Amino acid sequence: PFLNVKGLVSLADEPKRERVLTFEEEDRLLKVCEEYFTLTYTRNGKEITAKHKSNREHLRPLLITALDTAMRLGELLTLTWNDVDLENKTINILAFNTKTAKARTVGMTARVYDELERLWNQSPQDLKGLVFGIKNTVKRSFATACRDAKIEGFNFHDCRHTAITRMIQAGLSPMEVMKISGHTQMNTFARYVNPDTQAV
């Protein structure tokens, strides 16, 4: 209702997010999503390093896929094994699972393939089953992972910003990246391309 009242909310004045994960931050984030991770903290003025059991292993393949494919969280969480072609190393995103209601196919990087192959081998191998096995939100576990990795100001959707920025800086044309990301409007797509020398 606020958008219908002229002058009350100006979308043009809203700050656009430009957060891109550096490779060093990514490394820290993925490490705290392993089965065991090392955490350094200060207690009584003394620095302590200890090994901790993680309960966030489910985030690792999700994060890697998000960072390498620019898929939206909703697309990732609704992905079934029926949509994954390990032989051809592609992921088919169905129209009714996308924001733009347009189907698309995304290629896998080597590490996405490795993660998905491992998940498939560990799963009941039901083609109708969810690839990542997550039926609700990852908001709390993702926030905790970022905190433990000492990463600030980063939300899950910023994985999409990071992926698109890295693709452009790797030399892919905007049109190629738009096909991968599922963008249909150049002005919307441009908001996701964030110059960052560390993303190369």
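Here are some questions and answers on the predicted model above.

Me: What should I know about numbering and cut-offs first?
Reply: Residues count from 1 along each chain as its sequence is written. In this predicted model, local features need pLDDT of at least 70 and side-chain atom pairs count only at pLDDT 80 or more, while totals for chains, interfaces and linings use all residues, and side-chain values use heavy atoms, leaving out hydrogens and water.

Me: In what order do the elements of the protein run from the N terminus on?
Reply: Helices (H or I, at least four residues) and strands (E, at least two) are DSSP runs, numbered from the N terminus. The protein has eight helices and five strands. Their order is α-β-β-α-α-β-β-β-α-α-α-α-α.

Me: Are helix 6 and helix 7 roughly parallel or antiparallel to each other?
Reply: The axes (lines fitted to C-alpha atoms over the stretch in contact, with angles from 0 to 180 degrees between N-to-C directions) of helix 6, residues 158–169, and helix 7, residues 174–181, come within 10 Å and cross at roughly 150°. Angles under 35 degrees count as roughly parallel, over 145 as roughly antiparallel, 65 to 115 as roughly perpendicular and the rest as oblique. So helix 6 and helix 7 are roughly antiparallel.

Me: Is aspartate 148 buried or exposed?
Reply: Aspartate 148 sits in helix 5, residues 139–148. Buried means under 20% relative accessible area, exposed over 50%, partly exposed in between (1.4 Å probe, protein chains only). Aspartate 148 has 13%, so the answer is buried.
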